[in-house]
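The following note sets out, in numbered points, what may be read from the model shown below. Please keep the sequence and the structure in view while reading.

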Amino acid sequence: MQEPILLVEDDHILQLSLTTMLRRDGYAVDTARNVTEARLAILARRPRIILLDLGLPDGSGFDILNWLAMEPDRPLIIVTTANDSPKAALEALALGAFDYLTKPINHETLRHTLRRAVSYDQLRLQVREYERLKTEVDEARVTVRTAAHHISQTLTVIMGEAQLVREEVTDMSLRASLDRIVRMAEDAAQMIATLRAIRLFAPRESGVDSPSQAAHE
């Protein structure tokens, strides 16, 4: 699957050169030449990575960075600019830019930066999927634990009532039936107790590192 990239660059020649290189490298590239086109492309295409020029005809790349700053699933943004000012780089990184490249852009440096961005994005997706599955498992455990509690209470009532009734009846076949009910209820209660003993119904313990934990080690 091709990694979707949005190239935001107002210089026609540079845009054409980078688009050609990226497509040859196997990326799916969309282009925009200004802030307005970039916003429309982001909403329509949902790119995973953006190559963002800071100097645009109708505004600044900082407008895009600010716009996406609070998005929980925002694309990874690689800023490209002719401005090599440390202040601009720090400001872009503070707004969430993944990296900062100065023009003229070295193609090999860009390729390396994109490979890092793709790997990081894939890890982000894996972490998000892990968290989603963990939430589902935890919710299922709560549901099962609640159901087990209610079943245990019901079995206790059944065993108690059956034993009381057995003491009152004299019919042997009926007493035998009540004994079977008590034994079955006891077996079921024992099974639930066994499952509790192996902590099947217990909240999940953090014995295994999540992808996000592993990534920081």
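**Notes on the predicted model**

1. The protein has seven helices and seven strands; here helices (H or I, at least four residues) and strands (E, at least two) are DSSP runs, numbered from the N terminus. Read from the N terminus, the elements follow the order β-α-β-α-β-β-β-α-β-α-β-α-α-α. The radius of gyration of the protein is 31 Å, well over the 17 Å that the globule rule gives for 217 residues, so the protein is more spread out than a compact globule. That radius is taken over C-alpha atoms, and the globule rule is 2.2 Å times the number of residues to the power 0.38.

2. On the basis of the note: this is a predicted model, in which local features need pLDDT of at least 70 and side-chain atom pairs count only at pLDDT 80 or more, while totals for chains, interfaces and linings use all residues. Residues are numbered from 1 along each chain as its sequence is written, and side-chain values use heavy atoms, with hydrogens and water left out.

3. Along its principal axes, the C-alpha trace of the protein spans about 100 × 35 × 35 Å. Of the 217 residues, 32% are buried, where buried means under 20% relative accessible area, exposed over 50%, and partly exposed in between (1.4 Å probe, protein chains only). Among contacts (heavy atoms within 4.5 Å) between residues at least 6 apart in sequence, 63% join residues at least 24 apart.

4. Helix packing is considered next. Two packed helices are described by the angle between their axes and the distance between the axes. The axes are lines fitted to C-alpha atoms, for helices over the stretch in contact, and angles run from 0 to 180 degrees between N-to-C directions.

5. Helix α5 (residues 107-168) and helix α6 (residues 172-197) have axes that come within 9 Å and cross at roughly 155°. That makes α5 roughly antiparallel to α6; angles under 35 degrees count as roughly parallel, over 145 as roughly antiparallel, 65 to 115 as roughly perpendicular and the rest as oblique. The crossing of α5 and α6 is left-handed, a term used if the near helix is turned anticlockwise from the far one by less than a right angle, with right-handed used if clockwise. Among the residues in this contact are Leu155, Ile158 and Met159 in α5, and Ile181, Val182 and Ala185 in α6. The contact of α5 with α6 comprises 14 nonpolar, three polar and five charged residues. For these classes, Ala, Val, Leu, Ile, Met, Phe, Trp, Tyr, Cys and Pro count as nonpolar, Asp, Glu, Lys and Arg as charged, and the others, Gly among them, as polar.

6. Helix α1 (residues 12-24) also meets α5: their axes come within 12 Å and cross at roughly 55°. The two helices, α1 and α5, are therefore oblique to each other, and their crossing is right-handed. On the α1 side the contact involves Ser17, Leu18, Met21 and Leu22, and on the α5 side His107, Leu110, Arg111 and Leu114. By class, these residues are five nonpolar, two polar and one charged.

7. Helices α2 and α3 (residues 61-68) pack at an angle of about 30°, with their axes 9 Å apart. Their crossing is right-handed. Val35, Ala38, Arg39, Ile42 and Leu43 in α2 meet Asp63, Ile64, Trp67 and Leu68 in α3. This contact of α2 with α3 has seven nonpolar, no polar and two charged residues.

8. Two backbone features deserve attention. Most residues other than glycine have a negative phi, and most peptide bonds are trans. Arginine 46 is not a glycine, yet has a positive phi of about 50°. Arginine 46 lies in the loop between α2 (35-45) and β3 (49-53) and is partly exposed, with a relative accessible area of 45%. Lysine 103 and proline 104 are joined by a cis peptide bond, with omega about 0°; proline 104 is in the loop between β7 and α5.

9. Is alanine 97 buried or exposed? Alanine 97 is buried, with a relative accessible area of 8%, and is placed in the loop between α4 (86-94) and β7 (99-102). Not counting residues up to four places away in sequence, alanine 97 touches Leu65, Ile77, Val79 and Ala92.

10. Threonine 31, in strand β2 (residues 28-32), is partly exposed, with a relative accessible area of 36%. Leaving aside residues up to four places away in sequence, threonine 31 touches Leu6, Leu7, Gln15 and Thr19.
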